[in-house]
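Hi everyone, thanks for coming. Let me put today's protein on the screen, and then we'll walk through it together.

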Amino acid sequence: LRSRHFDGSLVPVVRHNEGMLLLLMATSADMSGSARILRPLEVWLDCRAGACAALALADDQAVSTVDRVLLADGAAVPESAPSGSLARSRLAIRPRPGDDASGIHDVEGGALVGASLACESPADQAAALALVGSVEWLHVDAGATFGFILAENLIAAARHAGTRVAMSVDDPAAVPGLAFALEVGVDALVCPAALAGRGPMLEALQIAKAQRAEAAEAVGSPAEAPAAEARAGPAPVTLSPAYVVAVREGGVADRVALDFTRLLRNDEGCLVGSSAKALAFVHGETVECGFVPPRPFRCNAGPVHSYVRMADGSVKYLSEVVAGDRVLVARLGGGPAGEATVGRCKVEPRPTVRVEFAVAPGGEATAQVFLQQAETVRLGALADAERLRAHTEGTAAAGGTHDEPASVSEPRGVSVTKLALGESSLVVQWSTSGTHVGREIKASVSER
């Protein structure tokens, strides 16, 4: 088969039958298929307006909906308030001189339990994200700007950090969207006291709280979920086999070459792909091909739409990678993953191939990766990975370290231009988790 090159010339396009090639995939621990973690939803009553005279909880049913009462510093729940509200956990917002974020303190013991700030701009969101992981509770008031997007971004960022997110809400219609954002939802909804006792708002809060309680009970023990999530951290990367189903023409694309500020070893490469759930191991350009000199500081990572695994465990579109970013560098034979700092991104129009692969031989394609149609672009080979892994394990057993694998044959990988030539084994990363703004989340995400 032949197709038009981007300059108009004819170039060959390779195709083959299912199961001819084996692709090695980097696998996440999420292959266990563990369910997403949901916590019960808390409702906080915001009594900071006035002297809390707006506390309008009319009956015991309304009082039972509230978990905590939010007060201005020095204020107290008035004696005229329903007796049930006095038993609620009371939190005070105390401004911090020279800081946009106020502290949230427990009224009884005075302990600092979180931070509170208004978020009405991207800079405010950056300030809120910077607090994730350093506070137990993060309360944000987005006003009428971008509350839902902000909630999603904070939920995704806080998933592994041990921080719980509380969002202010003053519209009953916004309650379901915040309570189940990213299929997880914020941890608390903060409602003005003047609205909490009124029909539509009270009903929306009660329904959302009941639905979250049912959902949390269905997926596991909510009492253990926060600590387990905080301890888990990003899942370790493990290389696993995958099977090439087809290699097709990918058309001309804006290809990104990642040029790092350090040299890559022969067994090192990046994890890239069209889906964050399946990232292929792509070697650095460390091998002589006879046509151009090697570029051992470079990884030809594919088109701008592709994901690349970053050093912090997140993924990023190649179009968004810039100089100074730190990319995860995986090792074909296992051992600790490293990182490399991007010194330059070269974006150029280049012809590509689309490699489709599956988790089992003979199975349907479940993922794909687009790569430049060039001899210098090489996918990790399963045979190399197994040989290097055996060498690494033997070295470790002998008390050594994972040094340059000079005692084993040099890993050369498989060029994308030779994928149809016989049975070749390759390498990729499987995960069942979706992503939001590059961060792993437990939500239903389909990437085809």
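Let's begin with a question: of the contacts in the protein chain with a separation of 6 or more, what percentage is accounted for by residues 24 or more positions apart? The figure is 66%, where contact means heavy atoms within 4.5 Å.

A quick word on what you're looking at. This is a predicted model, so local features need pLDDT of at least 70 and side-chain atom pairs count only at pLDDT 80 or more, while totals for chains, interfaces and linings use all residues. Residues are numbered from 1 along each chain as its sequence is written, and side-chain values use heavy atoms, with hydrogens and water left out.

Now the overall picture. The protein chain has nine helices and 25 strands; these are DSSP runs numbered from the N terminus, with helices being H or I of at least four residues and strands E of at least two. There are 448 residues, and 50% of them count as buried. Buried is under 20% relative accessible area, exposed is over 50%, and partly exposed lies in between, with a 1.4 Å probe and protein chains only.

Next, a pair of helices. Helix α3 covers residues 122-131 and helix α4 covers residues 147-158; their axes come within 10 Å and cross at roughly 25 degrees. That angle makes α3 roughly parallel to α4, since angles under 35 degrees count as roughly parallel, over 145 as roughly antiparallel, 65 to 115 as roughly perpendicular and the rest as oblique. The axes are lines fitted to C-alpha atoms, for helices over the stretch in contact, and angles run from 0 to 180 degrees between N-to-C directions.

Which residues meet there? From α3 we have Gln-125, Ala-128 and Leu-129, and they meet Leu-150, Asn-153, Leu-154 and Ala-157 in α4.

Let's move on to a cysteine. Cys-345 sits in strand β19, residues 338-358, and is partly exposed, at 24% relative accessible area. Beyond its neighbours within four places in sequence, Cys-345 is in contact with Val-256, Ala-257, Leu-258, Val-321 and Val-322.

Last stop: is Gln-368 buried or exposed? Gln-368 counts as buried, with a relative accessibility of 19%. Gln-368 belongs to strand β20, residues 367-372. Its C-alpha lies 5.9 Å from that of Ser-274, although Gln-368 and Ser-274 are 94 residues apart in sequence.
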